[in-house]
Amino acid sequence: MNHSQGKAYEELAKIYNEKETAVKRWESNNQKIIGCIGYDVPIEILMAAGYFPVQITGDSKIKTPVADKYLEIAFDASVRAQFEKIVSGKYSYLDRIVISNSSDVLIRLYYYMRQMRRVEEELLPIPLYFFDIKFSQFRSSTLYNRERVQEFIEAVQCWTGKAILPDAMENAFNVCNENRKLLKQMQELRIADEPKVTGTEALTVIGASLYMPKEEHNKLMKKFLDEAQSAQTVKGTRIYVSGTAHEDTGFYELLEGCGVHIVGEDHDLGSRLFMGPEVSPAYPVESVTDFYQTRFPSIKKSHVRERVAAVVEQVKNTGAKGAIYFIRKSDDAASWDYPSLRKGLEAINVPVLLLDKQNYNLDNKEELQNKISEFITSISNQPGRE
Amino acid sequence: MSEEKAIKPTENKNAASVKRMQSAADASQYQREWFKDVHKRVSEGEPFDFVNADVPMEILRAMDIPFLVNQWWASLCSAKQMSGDLFGLMKEEGYPDDICNYCSMGLAAALDPNHAEAAWGGMPKPTIAIARYACDSINKLFELYAQEYGIPFYPIENTVPINTPDNWWKEVHYNWNEFFEKHRLDFMVEELKGLIRFLEQTTGKMFSETKLREVMDLINQQEEYYQKARDLIAKTKPAPVGITDTVPSVMIPQWQRGTKWAVESAKKFYEEVKDAVDKGIAVCPNERARLMWIGRGLWFNLGFYQYFEKKYDAAFIWSMYLGIAADGYLRYGDDPLRALASRFCGMEEFLHMPPWNTDWFIKAARENDIDGVVYLVPDNCTNAVEGSYFIVKALEDAGIPVLMLRADPVNAKKWNPKTMTEAVEDFLENRLGIEPNPDEEE
Ligand code: SF4
């Protein structure tokens, strides 16, 4: 699909494509950089303490000899790639790594990295911190999470040797709220009757926010939203993408090449990143807890019923004609949701194409293209917006 | 370093193991009778819970609510060679049939339309399903299971330990309150209180603190016998019993822990071991290798282990089942609910997390004078991974050779007895230098 955006998008795309290399642009800010593994690290708190949080993501194009040696075959390929990048020095500029309890494999990764630091520290000199957040929708878990958030604030203050001042907290929270609001506005342009933003563009814009200071991202987002108003209308069959997170635009481009307009997704590197309540600096611990615990259900940690309800609602909002459920190999938890999700979506006349056990490097593009094209043809007569 | 063999699935002909201990035979018999009784109680309208293995079932025991453990059910279905059919049903419903086989057998059975023909008359209709958020899949599996039966699912939270104190096996029996992080224990206690109230409300049975204390005391008595048996096996050469004896003798009573029967069973087991020691009975009278098995047991093929006893005088004498019974369960103290919480705060780490498991394996290997370790690495379970690199490194650095195997211990389809046997033979002959017995050579 040929679709173009303005200069702000080009800038965001550059950062998105460079990822951890782009981070170095802000080295002159003299901010210490914290690497986040998992998408549930409360970045607001790190920002309030003066840190620059960046996301550690995988790379499907790299070889993973060290991960092959230290990690298990059962570990998701993206996690293996993240580990490889860390131990090969790609993130040597990090002051510390914070891992959130976002999936079972990340808990194991933390254990393994911790043990590595015990027995072979030279391979992993960066200190680790584990943020043990709970995702169950219970008050008892909220209380546990609040304690963990408070503990996190204290740990961060300890790292910097300074208390986080209320002004700094307020500023960081406002920046994060604004960032999520701007991304929500982008999402509106994506699902409008005359959409102005493609799925690939959305993925890029959202992803770029993970490798640059949020203030800078906000500035570019405002320009981007302005420029996008005058972009061409996106054409294509409206499809919702569910399942494993996509760390690059490969799969989205493949879909768009088959005449698809991706109107939304439920993964961590897409809409889930910004869906959720505002955080309030008046109640920092409580509102950070609420945001990370109660936002859009996590694929790994939610109950089937919670996730199905949330996805069905999203699919309705986006006006998708069909859904594609993409599951990467070893992303086991997502597989259990599929039969219920399919039933839930079929009940609102949204057919689902399952693409499971997919390789990390999408080395079967032709096969995927055929399946997707066939699916798109099969639903072309469905009622719904184009 | 260790050798590693990939096991490819092929046709599977699995030998059954020979039962040698009366305590094991008695346990099987008891379990049958118990299961019949469960059927009867359920048919009379009593509540019946389906629980995952890591659920503090002591609560149910104290409330006299019959329950069935997911993993026991999986081992029974595997032993009855039913797993292939059950996973076929999963596939028909759109579920994966090649992941989480160990834990999804309950869901598979719930989908089974010919339920009455299932193992031991099938699973009675449960009234509640309980699991812990121990991995990303198990809560979903239990939720789906509960949905199939139209019953409530009660999930219990799980926490991640940050501290890594040494020598846990010396600390947790008495010093557990200081040993585990306070916030983890506090939270687990809250979770247990929630479960108790939920069970009281839904079953109409009131929880008794006194009964829980009695249950905890009975469990301590039971596990003390396992400690004594474990110590006897460790120091006796040739070993009086192997894991094909100890696993069946220990596992069922462990599912039944907190009962007087389980204490009697553990006592009988210990006495049998002692009797074997006193009479000089041995698994391999000419014992030439003492082996340790790390990983889940081969439920559908316990005879696998016995093959090496005969052919190489190599006895598998240590597995985590007796090991963890002896070291992981004992809890002394005045607050039974908090003591129970501490039992479940640690179990995951002890078994699956370096450095806790690596230190423990080395300690066990030394106590048992182990010559070599066969380590079954689970291929498709992120929860059961143990840090294979660190385990192998720790053991090899301690001078103990390790053979790593990859297979699914539950799914018979994914098991190739020939390749697996050859891998162990190769290990015995070429790493440990043990020649086969002349009369056993093919
Ligand atoms: S990941 Fe492992 S522990 Fe979790 S459900 Fe699957 S097999 Fe069971």
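I count helices and strands as DSSP runs, helices of at least four residues and strands of at least two, numbered from the N terminus. The model I am looking at is predicted.

**Entry: chain A, overall**

I started with the secondary structure of chain A. I found 14 helices and eight strands. Next I looked up the radius of gyration, which is 20 Å for chain A. The globule rule gives 21 Å for 386 residues, so chain A is as compact as a globular protein of that length. I then took the box along the principal axes. The C-alpha atoms of chain A fill roughly 60 × 45 × 40 Å.

**Entry: chain B, overall**

Chain B has 18 helices and nine strands. Its radius of gyration is 21 Å. A compact globule with 442 residues would have a value near 22 Å, so chain B agrees with the rule. The C-alpha trace of chain B spans about 65 × 50 × 40 Å along its principal axes.

**Entry: a helix pair in chain A**

At what angle do α12(A) and α13(A) pack? I read about 45° between helix α12 (residues 304-318) and helix α13 (residues 332-346), both of chain A. Their axes are 9 Å apart. The crossing of α12(A) and α13(A) is right-handed.

I listed the residues in contact. α12(A) contributes A:V304, A:R307, A:V308, A:V311, A:V312 and A:V315. From α13(A) come A:A334, A:D337, A:S340, A:L341, A:G344 and A:L345. By class I get eight nonpolar, two polar and two charged residues in this contact.

**Entry: a helix pair in chain B**

I turned to helix α11 (residues 243-255) and helix α12 (residues 260-279) of chain B. They pack at an angle of about 165°, and their axes are 9 Å apart. An angle over 145 degrees counts as roughly antiparallel, so α11(B) is roughly antiparallel to α12(B). I noted a left-handed crossing for α11(B) and α12(B).

Which residues make the contact of α11(B) with α12(B)? On α11(B) I found B:T246, B:S249, B:V250, B:I252 and B:P253. On α12(B) they are B:W261, B:A262, B:S265 and B:F269. The class count for this contact is six nonpolar, three polar and no charged residues.

**Entry: the ligand shell**

Which residues surround the ligand? I listed B:C100, B:C103, B:C135, B:S137, B:I138, B:L141, B:C381 and B:N383. Sorted by class, the shell has six nonpolar and two polar residues. I found no charged residues in the shell around the ligand.

I checked the backbone last. Most residues other than glycine have a negative phi, and most peptide bonds are trans. I noted the exceptions below against that background.

The peptide bond from B:K237 to B:P238 is cis, with omega near -5°. I placed B:P238 in the loop between α10 (209-235) and α11 of chain B.

I also found a cis peptide bond from B:P354 to B:P355, with omega near 10°. B:P355 lies in the loop between α15 (336-352) and α16 (356-367) of chain B.

In chain A I looked up A:L362. This residue is not a glycine, yet its phi is positive, about 45°. Where is A:L362? I located A:L362 in the loop between β8 (352-358) and α14 (365-379) of chain A.

Conventions: Residues are numbered from 1 along each chain as its sequence is written. Chains are lettered from A and ligands numbered from 1 in the order in which they are written. This is a predicted model: local features need pLDDT of at least 70, side-chain atom pairs count only at pLDDT 80 or more; totals for chains, interfaces and linings use all residues. Side-chain values use heavy atoms; hydrogens and water are left out. Axes are lines fitted to C-alpha atoms, for helices over the stretch in contact, and angles run from 0 to 180 degrees between N-to-C directions. A crossing is left-handed if the near helix is turned anticlockwise from the far one by less than a right angle, and right-handed if clockwise. Contact means heavy atoms within 4.5 Å. Ala, Val, Leu, Ile, Met, Phe, Trp, Tyr, Cys and Pro count as nonpolar, Asp, Glu, Lys and Arg as charged, and the others, Gly among them, as polar. A residue is near a molecule or strand if one of its heavy atoms lies within 4 Å of it. Angles under 35 degrees count as roughly parallel, over 145 as roughly antiparallel, 65 to 115 as roughly perpendicular and the rest as oblique. The radius of gyration is taken over C-alpha atoms; the globule rule is 2.2 Å times the number of residues to the power 0.38.
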